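Subject: Structure handover

Dear colleague,

Please find the structure below.

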Amino acid sequence: MCGIIGSTGEGATLNDLLEGLARLEYRGYDSAGVAVARADGTLDRIRAVDGTASLELLAELAKGKSEGYIAGLGHTRWATHGRVTTDNAHPHFDCSGRIGVVHNGIVENFRELKSELEQTGHVFSSQTDTEVIAHLLEDYLKHGSTLKEAVTESISRLRGAMSFVALDADDPKILVATKRMAPLIAGSGSGANFVASDIPAILGKADTFYQIGNDQVVVVSPGDIKLFDLSGNSLELPEIAVEWDLEAAVKGGYPDFMSKEIFEQPAAVRDTLLGRLNSEGEIVLDEMRLNPEELRNINKVFIVGCGTSFHAGMVAKFAIEHWTRIPVELDISSEFRYRDPVLDPQTLVIGVSQSGETLDTMAAMNEASMLSAKTLVVSNVMGSSMARAADAVLYTRAGPEIGVAATKTHTSQIAALLLLALYLAQVRHSIYPSEIADVYSEMIKLPQKIEEVLASDASIEEVAQSMVGIKRFYFIGRQVGYPVALEGALKLKEISYLPAEGYPAGELKHGPIAMIDSDAVVFGIVTRTRLWEKTISNVEEVRVRGAKIVLIANQGDSESEVLGDVIFEVPKTHPLLAPVLDVIPLQLFAYHLAVALGNDVDRPRNLAKTVTVE
Ligand code: F6R
């Protein structure tokens, strides 16, 4: 993982790097660091390690350092190789201390390169894989290469998914960066030019943004950004259309990004659904690059994703099978490609990834392409690596999500996947147009219904505060309630660090019910579906064993309400759309419990938002 940034130009400031890093901290925060160069060739490095507050410490250490820098590199770390120490914090330098590198990803062959470099006299000062890059560059520069040539030679020798930016203090105005299967963009502004892991890092500083492809090298100088392939051929720099504004990337009055993003869900779902129905009442998916004929030929669908995105994919399985009758298999991305999946050109593999950069999902999608399946990605980030590589893309329009725990992208993913399921049904004529219209008319009511759920925030907060001290939580649901249960448990684990398990309600009696006693709290997803009675029976089974019961039930459902110690009400909707509403009280509960426990909800320990390592 890790977030990287570089800036160069008369207007380049240390502050730009620090602000950029603050917006990249969702990528990791084990440590943070900057290296900044002056025109006279001096290179200063500041590095900080302070639990989840490394970036604050870095800003503190940088206070009082005079500006007057003309270029610099910044890094926020999610540790993979080497413990969380100052020595292992980036930027890393070569032996001379003249070449600085910030890196995201893993150099898989670093051990062999390191021993080779040590044999030729290089001295390492960290345990990181990154440091080999600085020493490799040093060798190439010593042998007369330019920094651009040295970066090109180096990336060809490094194995693994990564991006890095390098600076040479002897010519500090030139930053050279490259990427392979890891995010990297460039941006030009009036006072400075930039390279960074993502767009929000340089929003408000750059006004034009550019895409960097795999195995390309970008040379960023004060008045210019140039792109090359690994043979040194000059490439056209593709512009990225950026619709996000700076305000979307900052907290906007909320105490943290997570609460801001929970409350942005009505807008995120509304925007994701906007303009998807034409005047003939047909679903239109403008970004869809697969034609109706190709979609009609599909006879099998796989859905892959990780964590919260996987849970959205689980909901989609029910919808696609129900509306299209195409069999759907689901797989966790990191398992998919190692199980030798049976795919052919009539298989559609749907990758669900808000970032579009998660390495496990990207690798699963690449495997699917190699096996000649059609690929479609559901992503929140325009021009993300997966969006570019897939045969088709469907964007959620949730705006940037900074909080590490995914919330608004999850409900937007479900909305987008439901649209996709309806679209598949439409092109295959597997349901009547009137049914599509009916479901869509229910879908566009979701934003208003989400508002209604969010209105109970204060009472959910009270319940969460009353549960400080509870040590075990269980979440149960059936059919589309099952992914909601898994997501409720995942949210709680991520930010409260408490044991929380999600189960299919009917499975509990096959073992897990042995754990139920009066110290347990069980959340039951009992909104009305055809399985309501069965789910209610499963709730009864845990209630009689003494567990405290919290129910997610439809407004005014008195038959459900009598069974719960606490009721979180949600409006009624079409049963397949219910997860969009049912998950929201669970997000709010997890949020308030974590806040009550004094946890940093935006920066949960050990996590990073975009996981670009396998
Ligand atoms: C949980 C969470 C993670 C992500 C997962 C996939 O709150 O955010 O489980 O859902 O790492 O990330 P994307 O969707 O970017 O592929």
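In which loop is the place of P91? P91 is in the loop between β4 (71-77) and β5 (92-93), where helices (H or I, at least four residues) and strands (E, at least two) are DSSP runs numbered from the N terminus. The peptide bond from H90 to P91 is cis, with omega near -5 degrees. S372 lies in the loop between α11 and β19 (374-379). For context, most peptide bonds are trans, and most residues other than glycine have a negative phi.

This is a predicted model, in which local features need pLDDT of at least 70 and side-chain atom pairs count only at pLDDT 80 or more, while totals for chains, interfaces and linings use all residues. Residues are numbered from 1 along each chain as its sequence is written, and side-chain values use heavy atoms, with hydrogens and water left out.

Ligand site

There are 13 residues around the ligand, and S309, S353, Q354, S355 and T358 come nearest; a residue is near if one of its heavy atoms lies within 4 Å. By class, this shell has 4 nonpolar, 7 polar and 2 charged residues. Here Ala, Val, Leu, Ile, Met, Phe, Trp, Tyr, Cys and Pro count as nonpolar, Asp, Glu, Lys and Arg as charged, and the others, Gly among them, as polar.

- S355, through a polar side-chain atom, at 2.6 Å
- Q354, through a backbone N or O atom, at 2.7 Å
- K491, through a polar side-chain atom, at 3.0 Å

On its own the ligand has 410 Å² of accessible area, of which the protein covers 91% (Shrake-Rupley method, 1.4 Å probe). The elements that give two or more residues to the shell are α9 (307-324) and α17 (481-496); α9 gives the most, with 3 residues.

Pocket and cavities

The ligand takes up the space of the largest pocket, by the test that more than half of its atoms lie within 2 Å of the grid points. On a 1 Å grid over the protein atoms alone, a pocket is an open set with protein on both sides within 12 Å along at least five of seven lines, a cavity is a set of points where a 1.4 Å probe fits but cannot get out, and lining residues have an atom within 4 Å of a point.

The largest pocket holds about 510 Å³ of space. Its lining has 27 residues, with C306, G307, A608, K609 and V611 closest to the centre.

There are also 4 cavities of 30 Å³ or more. About 300 Å³ lies in the largest cavity, where volume is the space filled by probe spheres set on grid points joined across faces, edges and corners. Among the 27 residues that line the largest cavity, Y26, S197, D198, S355 and V381 are closest to its centre.

Regards

Notes:
Polar contact = N/O pair within 3.5 Å; in protein donor to acceptor, adjacent residues only side chain to side chain.
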